[in-house]
Amino acid sequence: MTSWHEKRADGSIACTLCPNLCVIAKGRTGICRVRRNEGGELALPFFGAVSSISMDPIEKKPLHHFFPGSTILSVGFLGCNLHCPFCQNHSISQTTEAPARRLDPEDLVALALKESSFGIAYTYSEPTIHFEYVLETAKLAHAKGLKNVLVSNGYLNPGPTAELLPLIDAANIDLKSFEPEFYSGELGGQLEAVKDFIRECARTSELEVTTLVIPGKNDSEREIAGAADFLASISPDIPYHLSCYFPSYRYSIPATNPETVERLAAVARARLRYVYTGNVHQGTSDTLCPACGNLLIRRRGYETSILGLSGPSCSRCGTPIPITRS
Ligand code: SF4
């Protein structure tokens, strides 16, 4: 395992894990709050500190093209390397004070096997800042025949990305905006780094992407068209989720109108084959054959029915569908 940090002569530590590139003075932590300089050495005081754990429908990640209808052991941690003022999970992502229990990688893998889960999803808060833990657990999970699912902001440097992604079977990555100024001004990050991660993830893993649509912030047709064009330039088969925002953390902007999300989904569908809406009561979350319109998978809430697939293809017209089933 590469350590992704350098010790400096003055006792500080330069962390190279994510594009924030923190230089951490003795006794201080990085921006993510979980990587600490203790006496000139990198310390990981939250290694294995699990804030949330649950068997979830895979559709909740959301992943619609990977083991549809399955449940997966889902685990969350503490801290984040971005600071989204609308974070829906800020009670665990923007603090390290939330309750957590220790679960070593071996314990987590054993729990997944005990629960008969097909894998482990690293989710809820930002898993990549717990790089060493996720890497170790993912290796153990693969050795036991389990799948690894990453739900992340995709804000990781290329070196650690190349080390981690070969262990990740499927991922949902947030594309929080397609405006560099929004990333830098509101979230404390860089859009280009997230785009690089998405490109790499599409190469190594089964990738889906999510944008939380926030009124007045990232909800223009131009912006969603730009995001969808970017994804389509990688592959028009990348499933794209557009979700309704609800007021949370520092944002009191009223919730997204579901009609807005449906209108933006139509913009994205002109560019991508599989576009879904989420956090919407009657959203469009069914999977249809892009060639003949056959209903392949029906979703009602978290109830999933596979109706029109024959193996990996549409049962009506035979078009191959990029869906991995158990
Ligand atoms: S992982 Fe944490 S400490 Fe390292 S550069 Fe990113 S925010 Fe800073």
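Select Glu126 and Thr128: their side chains make a polar contact at 2.6 Å (N or O atoms within 3.5 Å, one able to donate a hydrogen and the other to accept it; residues adjacent in sequence count only if both atoms are side-chain atoms). This is a predicted model, in which local features need pLDDT of at least 70 and side-chain atom pairs count only at pLDDT 80 or more, while totals for chains, interfaces and linings use all residues. Residues are numbered from 1 along each chain as its sequence is written, and side-chain values use heavy atoms, with hydrogens and water left out.

Then show Gly79, Cys80, Asn81 and Ser152, which are among the residues in contact with Glu126 beyond four places in sequence (heavy atoms within 4.5 Å).

Now colour the loop between strand E10 (119-122) and helix H3 (131-143), where Glu126 sits (DSSP runs numbered from the N terminus, helices being H or I of at least four residues and strands E of at least two).

Move to helix H8, residues 258-269. From first C-alpha to last, H8 reaches 16 Å, close to the 16 Å expected at 1.5 Å a residue (1.5 Å times one less than the number of residues). At its start, a side-chain oxygen of Asn257 comes within 2.9 Å of the backbone nitrogen of Glu259.

Within H8, select Thr260, Val261, Leu264, Ala265, Val267 and Ala268, which are buried (under 20% relative accessible area, 1.4 Å probe, protein chains only). Viewed down the axis, the buried residues of H8 fall within an arc of 155°, so they line one face of the helix (directions from the helix axis to the C-beta atoms).

Finally, show E13 (206-213), H7 (221-234), E14 (240-244) and E15 (275-278), against which the buried residues of H8 pack.

Conventions. Buried means under 20% relative accessible area, exposed over 50%, partly exposed in between (1.4 Å probe, protein chains only).
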